[in-house]
Amino acid sequence: MSVTLYETGPSFYSHLARLTLVEKGADWQSQNINIGPVMENFEPWYMRIHPAGVVPALEHNGTIVTEAIHIMRYVDQNFDGPSLTPEDPALREKMDEWLERMNAFPTREFSYGVQGIALLKPLMKRSYDLRRKVLRKHRDKNPDLAERYNARLQDIDSWQKVSTSPEQVEALRQKAQAILDDMEAELAHGKPWLVGESFTLADIWMMTYLSRLKQFGMTHWWENGKRPLVDAYYQRLQARPSFVKGDVWVGIRPGYMFKMLAPFVLPRLTVLLLLVGGLSYGVWWLFP
Ligand SMILES: N[C@@H](CCC(=O)N[C@@H](CS)C(=O)NCC(=O)O)C(=O)O
């Protein structure tokens with residue numbers, strides 16, 4: 001059996017796929033796709049695997065599955081290991097409702113929006129512009145993929161529009177907290193997991209969601225008695241072996257970030273140093 005997950009460490013949606021594979025006890029290979037400024041995800045070979053050029057994508061014996069929510073369900077249904085979907089139809093419906101709701105929450109816009117403060121703002125603007133530049137370059141060289149690249153260009157416009165609008169970002173903050181309120185209410189039923197006695201795909205989503213909020217310094221939304229059931233629930237989630245095995249991120253890792261940025265930054269830095277060196281030599285030669 002061949003199972004490859006195209007993913008990258010810090011990516012929210014990669015976490016969902018990775019954790020599902022880990023919870024199933026699957027054997028799989030990870031292929032890292034650098035979604036940093038080198039934008040490996042926009043390269044034509046990857047756009048042929050994933051039409052939107054995002055991670056994750058799963059390849060299972062020649063079948064490609066994209067979209068984290070589909071990958072989670074696909075892995076749960078097609079792989080050995082404990083079921084991550086409740087047997088009881090009412091509970092299954094509840095799990096599905098949570099999954100759909102979380103999938104509809106624009107994590108990407110929220111993530112860029114809440115980080116889009118002061119110093120980071122110019123960097124983020126540059127990151128959207130860089131994406132457009134790379135997408136146009138690939139589109140012009142690969143006419144067979146033009147539709148995919150154009151769709152992605154439109155997507156970048158709407159991503160930037162939402163995540164740079166203070167009103168829309170504030171609305172997302174409210175929405176993110178409303179999710180926590182409903183989680184707290186759900187957990188008040190006294191069950192250990194979100195939809196009952198057994199751990200499901202919905203819990204995998206929450207493990208990822210709460211960790212992302214932690215990464216953004218938002219644990220005060222549930223700690224110190226603010227939402228005590230969510231607090232205890234997150235502790236149970238963190239105690240699962242998959243939390244470590246699935247490599248859940250709860251903060252920025254400078255070493256990893258350096259590796260992600262290096263293929264973009266180092267060649268440019270080398271050219272810059274050579275130019276400065278050449279120029280200095282020229283000045284010294286002309287005006288000894
Ligand atoms: N709807 C997609 C979203 C995937 C997504 O947004 N992935 C992000 C990383 S978390 C990505 O690849 N971003 C790179 C980019 O958009 O350029 C899914 O559920 O899989």
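Trainee: How much volume does the largest pocket have?

Mentor: A pocket is an open set of points on a 1 Å grid over the protein atoms alone, with protein on both sides within 12 Å along at least five of seven lines. Its volume is the space filled by probe spheres set on the points, which are joined across faces, edges and corners. In this predicted model, the largest pocket has a volume of about 1,600 Å³. Local features need pLDDT of at least 70, side-chain atom pairs count only at pLDDT 80 or more, and totals for chains, interfaces and linings use all residues; residues are numbered from 1 along each chain as its sequence is written. Side-chain values use heavy atoms, with hydrogens and water left out.

Trainee: Which residues lie nearest the centre of the largest pocket?

Mentor: Lining residues have an atom within 4 Å of a point. The largest pocket has 48 of them, and Ile35, Tyr112, Arg131, Trp159 and Met260 lie nearest its centre. Helices are DSSP runs (H or I, at least four residues), numbered from the N terminus. Those that give two or more residues to this lining include helix 5, helix 6 (120–141), helix 7 (146–163) and helix 12 (254–286). Helix 6 provides the largest share, seven residues. By class, 29 lining residues are nonpolar, eleven polar and eight charged.

Trainee: Which element gives the largest share of the lining of the second largest pocket?

Mentor: Helix 6 does, with six residues. The second largest pocket holds about 240 Å³ of space. Of its 13 lining residues, Pro37, Val134, Lys137, Phe264 and Arg268 lie nearest the centre. Helix 6 and helix 12 are the elements that give two or more residues to this lining. The lining comprises seven nonpolar, one polar and five charged residues.

Trainee: Which residues of helix 6 are buried?

Mentor: Buried means under 20% relative accessible area, with a 1.4 Å probe and protein chains only. In helix 6, Met124, Ser127, Tyr128, Leu130, Arg131, Arg132, Val134, Leu135 and His138 are buried. Their cover includes helix 2 (44–49), helix 5, helix 7 and helix 12.

Trainee: How many residues does the largest nonpolar core have?

Mentor: In soluble globular proteins, nonpolar side chains tend to be buried together. A nonpolar core is a set of buried Ala, Val, Leu, Ile, Met, Phe, Trp, Tyr and Cys residues joined through side-chain atoms within 4.5 Å. Here the largest core has 45 residues, and Phe110, Met183, Met206, Tyr209 and Leu210 have the most contacts inside it. Helix 9 (201–215) is among the helices that each supply at least two residues, and helix 9 gives the most, nine residues. Beyond its neighbours within four places in sequence, Met183 is in contact (heavy atoms within 4.5 Å) with Trp98, Leu194, Met206, Tyr209, Leu210, Val230 and Tyr233. Another core, of 15 residues, lies apart from the largest one and includes Phe42, Met124, Val134 and Leu145.

Trainee: Which residues line the largest cavity?

Mentor: A cavity is a set of points where a 1.4 Å probe fits but cannot get out. The structure holds one cavity of 30 Å³ or more, and the largest has a volume of about 30 Å³. Pro10, Phe12, His15, Thr208, Ser211, Arg212, Gln215 and Trp249 line the largest cavity. Helix 9 gives the most to this lining, four residues.

Definitions and conventions. Buried means under 20% relative accessible area, exposed over 50%, partly exposed in between (1.4 Å probe, protein chains only). Ala, Val, Leu, Ile, Met, Phe, Trp, Tyr, Cys and Pro count as nonpolar, Asp, Glu, Lys and Arg as charged, and the others, Gly among them, as polar.
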